[in-house]
Amino acid sequence: MTNGLIHRRDLLKAGSIGLIAGSATPVMAREPWMTGPGQPMSGSGESSRYVSLAREQVGAHAFGPGAGSSSSPLQHLNGTITPSRLHFERHHSGIPDIDPDKHRLTVHGAVRQPLRFSYADLLRYPQETHLYFLECSGNSYRNTLAEPQNQTAGELNGLVSGSEWTGIPLHYLLDEAGVTADAEWIVAEGADAAGLTRSVPLSRALDNVLVALYQNGEPLQPAQGFPVRLFVPGCEGNISVKWLQTIKVQAKPGYTRDETSKYTDLLQDGQAEMFTLQMEVKSVITSPSGRMRLPEHGVYDVSGIAWSGAGTIAKVEVSADGGKNWVTAALQSDARPLALTRFRIPWHWQGQSAVLLSRAFDDRGNIQPTREAALARYSSAVIYHYNGYQSWRVGKSGEVSNVYV
Ligand SMILES: Nc1nc2c(c(=O)[nH]1)N[C@H]1C(S)=C(S)[C@@H](COP(=O)(O)O)O[C@H]1N2
Ligand SMILES: [Mo]
């Protein structure tokens with residue numbers, strides 16, 4: 001019925017996990033690394049030389065120098081935190097080399113007193129720490145194309161990453177500046193050559209938005225906005241303005257180039273949605289992944305990530321038969337609001353052909369749609385906000401490839 005997916009109760013009965021390990025021989029070989037001291041301490045750590053991890057799809061866009069993106073290698077990662085050096089990147093005009101001593105953040109517009117902060121000033125403010133996902137609205141756009149691209153989980157869906165973000169709640173700075181009664185929006189501008197500028201409704205800006213200074217415990221990396229970025233949890237990545245230099249408070253949105261020429265989504269019926277900031281409920285199986293080959297028959301832990309810009313992941317279901325039958329996966333990590341959640345489910349592969357896919361449910365009643373339903377919302381010209389299924393076909397010889405169901 002489940003094409004090999006193992007319900008938790010059956011797993012306990014069968015002790016199936018034991019199918020994976022080889023049998024142990026009583027005498028351990030004395031390997032070279034056991035015969036003398038290893039390397040000394042070092043100033044900064046790096047991965048084992050046997051582990052190779054790198055961002056994928058690292059390439060400039062046709063639009064111009066410095067414009068482009070790179071994605072997290074999702075199929076090589078586990079847990080819910082993306083190492084900072086593997087966080088996806090999306091730059092409209094490259095990474096500026098900002099001297100934090102010269103950088104300023106200005107808050108002005110509809111405020112009682114305009115304020116200017118140096119980096120040192122910002123570091124003295126009280127900060128908060130939260131786990132959040134960040135997703136580019138262009139993530140998974142390749143699955144909107146007519147033909148399925150034969151690519152990895154990271155190449156297809158890796159414009160999403162999870163981090164522990166630390167920063168100043170924006171409302172501290174806005175309270176200090178004193179927003180006036182007519183204020184409804186903030187307009188945030190970056191200090192890169194693109195001068196990326198986006199509008200955020202004041203209600204959201206006063207809620208959980210951070211002026212982020214640290215990522216995964218260390219100062220932001222240049223690619224992620226050093227020295228300071230806006231971080232708008234649960235929303236399309238574009239609104240989390242990096243290299244943040246001004247926040248202007250005003251009665252109306254900015255209707256800036258970045259939110260009119262792009263990041264406005266044309267619907268099927270000809271209407272266009274603006275300021276659709278929130279990212280939808282979504283999940284992706286990251287292992288197995290496209291371009292992988294299952295080496296032998298046996299039990300595999302099917303594993304992936306789920307997230308929702310509306311709230312907390314409540315449930316993830318996995319199918320091994322293209323979506324005919326579904327089994328509830330275990331949540332491997334604590335499900336937290338607006339953060340990546342890791343799910344897993346054991347699957348017994350005995351050479352049968354299969355199509356593996358997942359669908360996520362959040363605590364607000366949102367359910368990840370089929371590819372068809374996800375595409376039906378928007379005009380065919382729109383590649384943003386795709387949250388339909390990611391399906392992987394497993395062939396007879398174990399090869400895994402992207403497929404549409
Ligand atoms: N100033 C500035 N902010 C920016 C961008 C940019 O090019 N310039 N790119 C945006 C886009 S489209 C996304 S998806 C996120 C990517 O953040 P990351 O590179 O830290 O992953 O930053 C956003 N903020
Ligand atoms: Mo983006």
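How much space lies in the second largest pocket? About 260 Å³.

The structure is a predicted model, in which local features need pLDDT of at least 70, side-chain atom pairs count only at pLDDT 80 or more, and totals for chains, interfaces and linings use all residues. Residues are numbered from 1 along each chain as its sequence is written, chains are lettered from A and ligands numbered from 1 in the order in which they are written, and side-chain values use heavy atoms, with hydrogens and water left out.

Let me turn to ligand 1. There are 21 residues around ligand 1, and those that come nearest are Phe-88, His-92, Asp-192, Arg-229 and Lys-242; a residue is near a molecule if one of its heavy atoms lies within 4 Å of it. This shell comprises eight nonpolar, eight polar and five charged residues. In that scheme Ala, Val, Leu, Ile, Met, Phe, Trp, Tyr, Cys and Pro count as nonpolar, Asp, Glu, Lys and Arg as charged, and the others, Gly among them, as polar. Strand E3, residues 89-91, provides the largest share of the shell, three residues. Strands (E, at least two residues) and helices (H or I, at least four) are DSSP runs, numbered from the N terminus.

Which atoms lie 2.5 Å apart, one of them in Lys-242? They are an oxygen atom of ligand 1 and an N or O atom in the Lys-242 side chain. For Arg-229, a side-chain N or O atom is 2.9 Å from an oxygen atom of the ligand. Ser-240 takes part through its backbone, where an N or O atom lies 3.1 Å from a nitrogen atom of ligand 1. A polar contact here is a pair of N or O atoms within 3.5 Å. Taken alone, ligand 1 exposes 530 Å², and the protein buries 100% of that; accessible areas come from the Shrake-Rupley method with a 1.4 Å probe.

Where does ligand 1 sit? In the largest cavity, by the criterion that more than half of its atoms lie within 2 Å of the cavity's grid points. On a 1 Å grid over the protein atoms alone, a cavity is a set of points where a 1.4 Å probe fits but cannot get out, whereas a pocket is an open set with protein on both sides within 12 Å along at least five of seven lines; lining residues have an atom within 4 Å of a point.

A search of the whole structure finds three cavities of 30 Å³ or more. The largest holds about 230 Å³ of space; a volume is the space filled by probe spheres set on the points, which are joined across faces, edges and corners. Its lining has 20 residues, with Arg-90, Arg-229, Gly-237, Asn-238 and Lys-242 closest to the centre. E3 gives the most to this lining, with three residues.

The second largest cavity has a volume of about 90 Å³. Of its 13 lining residues, Leu-74, Leu-77, Thr-82, Leu-340 and Arg-342 lie nearest the centre. By class, six are nonpolar, six polar and one charged.

The largest pocket holds about 350 Å³, and its 23 lining residues include His-61, Ser-69, Gly-138, Tyr-141 and Leu-159, which lie nearest its centre. Strand E1 (56-60), strand E2 (68-71) and helix H3 (153-157) each give two or more residues to this lining, and H3 gives the most, with four.

The second largest pocket, with which I began, is lined by 17 residues, and nearest its centre are Gln-278, Met-279, Glu-280, Arg-377 and Asn-387. Seven of the lining residues are nonpolar, six polar and four charged.

Finally, some remarks on the backbone. Most residues other than glycine have a negative phi, and most peptide bonds are trans. A cis peptide bond joins Phe-226 and Pro-227, with omega about 5°; Pro-227 lies in the loop between strands E11 (218-219) and E12 (229-231). Another cis bond links Ser-287 to Pro-288, with omega about 0°, and Pro-288 is in the loop between strands E16 (282-287) and E17 (298-307). Gln-57, found in strand E1, has a positive phi, near 55°.

Notes: Polar contact = N/O pair within 3.5 Å; in protein donor to acceptor, adjacent residues only side chain to side chain.
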